[in-house]
Amino acid sequence: MATVKVSRDTRATYDVERVRADFPILRRRVYGKPLVYLDNAATSQKPDAVIDAMDHVYRETNANIHRGVYLMSEETTALYEDARAKIASLINAPDPAACIMVRNATEAMNIVAYSWARRNLKSGDLIVGTILEHHSNLVPWQQFAKQIGARYEVVDIDDDYRLRRDQFEALLAKKPKFVALTHVSNGIGTINPVAELTAQAKAAGATVLIDGAQAVPHMSVDVQAIGCDFYAFSGHKMIGPTGSGALWGRRELLESMPPFLYGGDMIRRVTLKDTEYNELPWKFEAGTSDYVAAIGLGAAVDYLRRIGLDAIHQHERELTVYALERFDELKGVRTFGTRELSSRAGIVSFEVEGIHPHDLATLIDREGVCVRAGHHCNQPLMDRLDVPATTRASIYLYNTPAEIDALIAAVRKAQQVFA
Ligand code: PMP
């Protein structure tokens, strides 16, 4: 494979040390060594701004939202709805009311499976997915298809780890009703051309859900430009709190869908005979929301926008190039994923000859470097790559070339141990 080269001019303007100073956890040491956190695809670290926003709620305004007529409840409600507006604006959603606050991307995609699909799909219908899907955008469709007697078929990748467009088009020719597609692969970092794929799928008559869990944290996302029907993501992977995330959907689809969960807050009027549901977005937000997490996610959005998603993406791209160059120096190491930079996110899955990924990650950990080993909730993709698991380093806005060096040194050390 050709080695990639990119210009490093933006490094002068991207002040990574300043970014790092905002993340208190990056000051800790593990095993007496500086922490090198390279497991960002699993979850990200949090800046003071996010921790402080949540702290402020618990110390100053905390009261359940929407229901209170007193000042603190009104203040917390305003913070919550303000966070929703920020999150909607980040993905250029035309209407914040069509942005449902959820606990994570998994919940978002299950809402589509339970509320949209149960209403709109029937036995014999075709659902199209891809081999790159995280289990959370695969298992709901596979199981739903089994339950109703629909078909679930997936698009494979080519030798360069990118989706096979010929196969996608062949499946579209069978007129699928639904396409569930990831924006960025968490396993091997492929960035899918989601706007083009969505346009093709829509032209074939399908409704399209995009899993943006690995995209929104790392690049500018515009749901209107993509043209999809639903877009899902998690807050904790984008420097926000756990328990936060969003499902954006086209208003007319969300309005036509039955609620996902039933209970308080999602109602307008309840009698013993029947229930009239609340309007969007609250129809899909039954029970007490994790409003503190949502407010924290709003602060995360402010932070990411202050740094700039394009600048973050460029920073990660340069580090990815650097990481791939450094990996290429190692003997007995294979990296997975395309070398076509425009289709590549900052996720480097690799295997080292003669060392099981779990042993490798454990040895790497001893050097203070956090990476993940396993199937990454991508078991069909691991089967396709013919590996039981990989070791995965995933990069974010606070990582540095020196941290890549620490990872490479740790891999070399592990190789010596096993030699
Ligand atoms: N999709 C992708 C591409 C992911 O990487 C993940 C998390 N690894 C998810 C969905 C699920 O996210 P969560 O566990 O936050 O629901």
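**Ligand site and cysteines in a predicted model**

The model discussed here is predicted.

Trainee: How many residues surround the ligand, and which are the closest?

Mentor: The shell divides into four nonpolar, nine polar and two charged residues. The ligand is surrounded by 15 residues. The closest are T106, D211, Q214, S234 and K237.

Trainee: How far from an oxygen atom of the ligand does a polar side-chain atom of T106 lie?

Mentor: T106 is among the closest residues of the shell. A pair of N or O atoms counts as a polar contact within 3.5 Å. For the polar side-chain atom of T106, the separation from a ligand oxygen atom is 2.5 Å.

Trainee: Which residue has a backbone N or O atom 3.4 Å from an oxygen atom of the ligand, and which has a side-chain N or O atom 3.3 Å from a nitrogen atom of the ligand?

Mentor: The backbone atom 3.4 Å from a ligand oxygen belongs to A105. The side-chain atom 3.3 Å from a ligand nitrogen belongs to H134.

Trainee: What percentage of the ligand's area does the protein bury?

Mentor: Taken alone, the ligand exposes 400 Å². Of that area, the protein buries 88%.

Trainee: How many disulfides does the model contain?

Mentor: A disulfide requires two cysteine sulfur atoms within 2.5 Å. C99 is in no disulfide, and its nearest cysteine sulfur, that of C228, is 12 Å away. C99 is also buried, with a relative accessible area of 0%. The count of disulfides is zero.

Conventions
Residues numbered from 1 in each chain as written. Predicted model: local features only at pLDDT ≥ 70, side-chain atom pairs only at ≥ 80, totals over all residues. Heavy atoms only, no water. Near = heavy atom within 4 Å. Polar contact = N/O pair within 3.5 Å; in protein donor to acceptor, adjacent residues only side chain to side chain. Areas by Shrake-Rupley, 256 points an atom, 1.4 Å probe, with all protein chains shown as cover. Nonpolar A, V, L, I, M, F, W, Y, C, P; charged D, E, K, R; others polar. Buried < 20%, exposed > 50% of the residue type's maximum accessible area, 1.4 Å probe, protein only.
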